[in-house]
Amino acid sequence: MLLRELANGFQWPLASTSLFEVGKVEPDKMSGHDAVRFTFTYAVEGDQLPRKGIAKAAVVKGQLYLVSFVAPSIHYFDRDAAKVNRLLDTLKI
């Protein structure tokens, strides 16, 4: 599986959502292994609170390593995104 495909396949855990969109997808590294970092937005059906997220994923020796952060897009995502990106930079497998 190509790392870019991980971003597009990420929506399956959020299958109950009415709208899911992958934003920026960038190559990255996780413990020296090829990885992908991507942003996404989604809204849950019947819920008026849109959400944003950041995720980082890598496949190493056939194992998927994926970490994501999701927060309401109104205030909390923008407030914490820089901290989360710094944390994602430090991930170790």
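Strand 3 (residues 51-60) and strand 4 (residues 63-72) run antiparallel and are joined by 10 bridges. Strands here are DSSP runs of E with at least two residues, helices are runs of H or I with at least four, and both are numbered from the N terminus; two strands pair if DSSP finds at least two bridges between them. The model is a predicted one, so to speak of local features takes a pLDDT of at least 70 and side-chain atom pairs count only at pLDDT 80 or more, while totals for chains, interfaces and linings use all residues. Residues are numbered from 1 along each chain as its sequence is written, and side-chain values use heavy atoms, with hydrogens and water left out.

Two residues sit between the strands of the hairpin, and one of the hairpin's residues, Lys61, takes a positive phi near 50°.

Next comes Arg51, which belongs to strand 3. With a relative accessible area of 18%, Arg51 is buried (buried is under 20%, exposed over 50%, partly exposed in between, using a 1.4 Å probe and protein chains only). The Arg51 side chain makes a polar contact with the side chain of Asp47 at 3.0 Å, and a polar atom of the Arg51 side chain also lies 2.9 Å from the backbone oxygen of Leu49. A polar contact is a pair of N or O atoms within 3.5 Å; within protein, one must be able to donate a hydrogen and the other to accept it, and residues adjacent in sequence count only if both atoms are side-chain atoms. Leaving aside residues up to four places away in sequence, Arg51 touches Phe40, Thr41, Tyr42, Val44, Val70, Ala71, Pro72 and Ser73, where contact means heavy atoms within 4.5 Å.

Now for the outside. Val59, Leu64 and Leu66 make up a nonpolar surface patch with about 230 Å² of accessible area together. Patch members have over 30% relative accessible area and no salt bridge, with nonpolar side chains (Val, Leu, Ile, Met, Phe, Trp, Tyr) joined within 5 Å and like charges within 9 Å. Leu66, in strand 4, is partly exposed at a relative accessible area of 32%.

As for the whole protein chain, it has two helices and four strands, in the order α-β-β-β-β-α from the N terminus on. Of its 93 residues, 32% count as buried.

How values were computed
Areas by Shrake-Rupley, 256 points an atom, 1.4 Å probe, with all protein chains shown as cover. Salt bridge = Lys/Arg side-chain N within 4 Å of Asp/Glu carboxyl O.
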